[in-house]
Amino acid sequence: MKPFYDSPLRKAGEPLRVKINEVEVVFRYCPPGTFTMGSRESEKGRGYDETLHEVTLTRGFWILETPVTQALWNAISRGNPSEFKADDLPLESAPRSRCARFIESLNEGGFAPEGMRFDFPTEAEWEYACRAGTKTRFSFGNEITEKDANFDFQMMRTTPVKSYAPNAWGLYDMHGNVGEICADKYADYPLEAVQDPVSRKGNSYVFRGGGWDCPSYNVRSAARRCCPKDYRSSRVGFRLVLKPID
């Protein structure tokens, strides 16, 4: 019998509830698949580093349906570094190294389902989950308004998670609110088709999705940003994934 995370019967967006101390969170399933990562040269607001290439993700994974909230952070870690504080707001202003320690604590605490571990999403996993099968600039189409996401200083701060509609796989805040740290170090995309890519060489880490202060072109599905490992900003948070233990 195949492990629950690898069942062909799983459907995209299927929920998985996980209890972390007193906080229950929901992960959404992303099935194995192939997609086109990056953007066309004709896409409005396109960055120079969004070279189109085919990516195949050979294993399914589960991704947290929201960015890590301050309630979840406080259930594990002491000291909330966020500039804007409330339990239902995304955690922000933590350097990547501190976010990585949070993930280590989750794994050491045995909160993951059997046979699985918590991690940052790879950049490819993040874009695959964000697109949820779409090829448009955003997961909901080619245009964005203040009704779709928190971006371009419209709220002047972060907003509670789930303030805007989710994408087709049940994921909230993939566009705007806070950018989300990925496992990858920033590098040029390959030109050829690849499987399960993750970049390990470089000086900066990728974050995706853009934040509450970013213009619309920086919150597109394909938009890429990077920061040093100790960078702190109220525009940057992170999201968890659950993967099989290798």
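**Notebook: salt bridges**

I looked up Arg220 and noted it as buried, at 1% relative accessibility (buried is under 20% relative accessible area, exposed over 50%, partly exposed in between, with a 1.4 Å probe and protein chains only). The model is predicted: local features need pLDDT of at least 70, side-chain atom pairs count only at pLDDT 80 or more, and totals for chains, interfaces and linings use all residues. Residues are numbered from 1 along each chain as its sequence is written, and side-chain values use heavy atoms, with hydrogens and water left out.

I then checked the partner of Arg220: its side chain meets Glu43 in a salt bridge, 2.6 Å from N to O (a side-chain nitrogen of Lys or Arg within 4 Å of a carboxyl oxygen of Asp or Glu). The two are 177 residues apart, with Glu43 in the loop between strands S3 (33-37) and S4 (53-57) and Arg220 in the loop between strands S9 (205-208) and S10 (224-227). Strands (E, at least two residues) and helices (H or I, at least four) are DSSP runs, numbered from the N terminus. Glu43 is also buried, at 14%.

Next I looked up Lys162, which forms a salt bridge with Glu65 at 2.8 Å, N to O. Lys162 lies in the loop between helix H3 (123-131) and strand S7 (179-185), and Glu65 in the loop between strand S5 (61-64) and helix H1 (70-76), so the pair ties together parts 97 residues apart in sequence. Lys162 is partly exposed at 43%, whereas Glu65 is buried at 6%.

I searched the whole structure and noted 17 salt bridges. I also noted a network of them linking Asp49, Glu123, Glu127, Arg131, Arg208 and Arg224.
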